[in-house]
Amino acid sequence: MSDCLFCKIANKEIPSEIVYEDNRVIAFKDIAPQAPVHIIVIPIEHFDCVLNVPAGNDIISHIHSVINRLAIKYDLAQKGFRIVNNCGDDGGQSVKHLHYHLIGGRAMGWPPG
């Protein structure tokens, strides 16, 4: 989508600090981190939110596999971390492109706010 911020990042039209990339996803550091580690993981293919991923498409499991690798790479696996996916306006989704936040490096409170 031509006006989608995350599509522009995936297409390298907007610079970002990429920490992982393969032929299906890109992971980059959040520009307004909420913790010492705050990484956004997006599919390169555009889906507005998790509800728009077609049945049989394994992109969600692939994203989770990448998050697992990143959690190990950034030493989050021992103490823990949070994975967040917001869907829709009331869910707090500000960019209408499926994405997951990997957040860690500090103790997390609940509820998140």
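Predicted model: local features only at pLDDT ≥ 70, side-chain atom pairs only at ≥ 80, totals over all residues.
**Largest pocket**

- Two or more lining residues come from each of α1 (5-10), β2, β3, β4 (81-84) and β5.
- The element that gives the most to this lining is α1, with 3 residues.

**His 101**

- His 101 lies in strand β5, which spans residues 100-104.
- With a relative accessible area of 12%, His 101 falls under the 20% limit and is therefore classed as buried.
- The side chains of His 101 and His 38 are joined by a polar contact of 2.8 Å.
- Not counting residues up to four places away in sequence, His 101 touches Asp 30, His 38, Ile 39, Ile 40, Arg 82, Ile 83, Val 84 and Asn 86.

**Nonpolar cores**

- In soluble globular proteins, nonpolar side chains tend to be buried together.
- The largest nonpolar core here has 19 residues, and Ala 27, Ile 39, Val 41, Ile 63 and Leu 70 have the most contacts inside it.
- The elements giving two or more residues to this core are β1 (18-21), β2 (25-29), β3 (37-43), α2 (59-73) and β5.
- Helix α2 gives the most to this core, with 6 residues.
- Leaving aside neighbours within four places in sequence, Ile 63 is in contact with Val 25, Val 41, Pro 43, Leu 98 and Tyr 100.
- A second, separate core has 10 residues, including Phe 6, Ile 9, Ile 40 and Ile 42.

**Asp 22**

- Asp 22 is placed in the loop between β1 and β2.
- The Asp 22 side chain makes a polar contact of 2.8 Å with the side chain of Tyr 20, and the Asp 22 side chain also reaches the backbone nitrogen of Val 25 at 2.8 Å.
- Beyond residues up to four places away in sequence, Asp 22 touches Ile 44, His 62 and Val 66.
- Asp 22 and Tyr 74 are 52 residues apart in sequence, with a C-alpha to C-alpha separation of 18 Å.

Terms used:
Residues numbered from 1 in each chain as written. Heavy atoms only, no water. Helix = DSSP H or I, 4+ residues; strand = E, 2+ residues; numbered from the N terminus. Buried < 20%, exposed > 50% of the residue type's maximum accessible area, 1.4 Å probe, protein only. Polar contact = N/O pair within 3.5 Å; in protein donor to acceptor, adjacent residues only side chain to side chain. Contact = heavy atoms within 4.5 Å. Core = buried A, V, L, I, M, F, W, Y, C linked by side-chain atoms within 4.5 Å.
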